[in-house]
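The sequence and the structure are shown first.

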Amino acid sequence: MIKGITLVREVASADAHESLGRLLLSLGFEQGKGWDDGTGRGTALLAPLGNLELVSGRAPAVPPILIEVFGLDAVHRAVHQWMLSNYRSEEIETLLSGPELTHWNSRLFTVKLSDGTSEGLTIGFWQSENPLHGKPAAIEGDLSAAGMRIAIVTARWNAVITDRLLQGSLDAILRSGGSRADVEIVRVPGAWEVPSAARTLAETKRFDAIITIGCLIRGETAHYEAIYNEVARGIGQSQQDTGIPHAFGVLTCETLEQALDRAGIKAGNKGFEAAVAAIEMVSIQRKIKASEDGK
Ligand code: RBF
């Protein structure tokens with residue numbers, strides 16, 4: 001039922017309002033829907049996250065407005081710069097603190113703005129020192145291929161492209177700690193044959209993941225959509241039926257030039273990316289199983 005939280009603060013003058021609004025927008029607040037009814041105006045500044053924190057047992061050691069940022073030192077510099085054009089330098093020393101470590105593994109500075117209102121306006125800008133702070137807890141795969149057994153199925157059609165994709169996949173596996181002896185490469189005539197070979201390999205249970213490689217070029221391929229849909233469906237079905245991750249490295253392109261771009265020229269190497277996805281999926285599968293076993 002809750003949609004959001006709004007803190008309302010008074011600013012001393014229209015000029016201060018204007019100037020403070022500009023500062024906060026330049027630091028990354030999003031402009032919300034404000035209001036102006038002739039007797040006063042409101043500027044809405046939106047942040048991606050908000051929370052209400054209740055404290056008991058001791059007085060809060062922070063100002064009532066806390067803005068979480070990344071790049072705290074850059075924010076401090078921007079606030080200092082802004083203060084130089086709004087306050088005398090001796091005032092700034094008393095109004096703006098330097099970033100300091102808190103007892104909650106963060107750094108924080110406070111700035112006292114817009115005196116002359118009933119409440120005053122003190123803002124604390126802070127940044128967590130924990131790099132994972134604010135990230136929802138999630139299982140994520142590692143990119144280590146050490147000890148992983150991987151099969152690569154690659155089509156001979158458009159070998160100019162598929163050989164480059166294969167090279168990209170091998171490159172990703174070896175650079176992620178995998179061993180060439182643990183990689184089996186199977187060549188099939190065309191993309192159409194990729195799903196059945198992938199499935200045969202997956203059913204042997206000798207591999208942790210399968211990487212599929214092919215290249216369909218619309219210009220040369222009659223019934224392009226029909227072939228492509230069946231290849232994608234077959235690879236997906238093999239993955240779902242066998243439970244073994246299948247990375248999809250089958251290019252579908254309008255032209256040979258577009259295919260070359262995706263095989264290492266201008267748009268990365270999709271074979272490399274498919275191998276990285278396979279490695280990540282094996283790792284994720286292992287972690288999910290380990291967390292199940294631990295229950
Ligand atoms: N295989 C590919 O991997 N990429 C293609 O672009 C491609 N184009 C084809 C176009 C035609 C008209 C035909 C008949 C086949 C094509 N194939 C292509 C081969 C297909 O994947 C398969 O190997 C053969 O049809 C034999 O089953």
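## Ser106 and its surroundings

Not counting residues up to four places away in sequence, Ser106 touches Glu100, Leu101, Trp126, Gln127, Ser128 and Glu129, where contact means heavy atoms within 4.5 Å. Ser106 belongs to strand E7, residues 106–113. Helices (H or I, at least four residues) and strands (E, at least two) are DSSP runs, numbered from the N terminus. Ser106 has a relative accessibility of 2% and therefore counts as buried; buried means under 20% relative accessible area, exposed over 50% and partly exposed in between, with a 1.4 Å probe and protein chains only.

## Basis of the model

The model is predicted: local features need pLDDT of at least 70, side-chain atom pairs count only at pLDDT 80 or more, and totals for chains, interfaces and linings use all residues. Residues are numbered from 1 along each chain as its sequence is written, and side-chain values use heavy atoms, with hydrogens and water left out.

## A parallel sheet of four strands

Four strands form an open sheet in the order E10-E9-E11-E12, with parallel pairing; two strands pair if DSSP finds at least two bridges between them. Strands E10 (183–188) and E12 (246–253) stand at the edges with a single partner strand each, so one side of each has no neighbour in the sheet. On average, neighbouring strands of this sheet are turned by 15 degrees against each other, direction ignored.

Strand E9 (residues 150–155) pairs with E10 in the parallel sense over 6 bridges, and Ala151 stands opposite Glu184 in E10. Helix H4 (residues 159–175) packs on the sheet and touches E9, E10, strand E11 (209–217) and E12. The direction of H4 makes about 155 degrees with that of E11. Axes are lines fitted to C-alpha atoms, for helices over the stretch in contact, and angles run from 0 to 180 degrees between N-to-C directions.

## Helices H5 and H6

The axes of helix H5 (residues 194–203) and helix H6 (residues 224–242) come within 8 Å and cross at roughly 10 degrees. The two helices, H5 and H6, are therefore roughly parallel to each other, a term for angles under 35 degrees.

From H5, Val194, Pro195, Ala198, Arg199, Ala202 and Glu203 meet Glu230, Val231, Gly234, Ile235, Gln237, Ser238, Asp241 and Thr242 in H6. The residues of this contact divide into 6 nonpolar, 4 polar and 4 charged. Here Ala, Val, Leu, Ile, Met, Phe, Trp, Tyr, Cys and Pro count as nonpolar, Asp, Glu, Lys and Arg as charged, and the others, Gly among them, as polar.

Conventions. Parallel < 35°, antiparallel > 145°, perpendicular 65-115°, else oblique.
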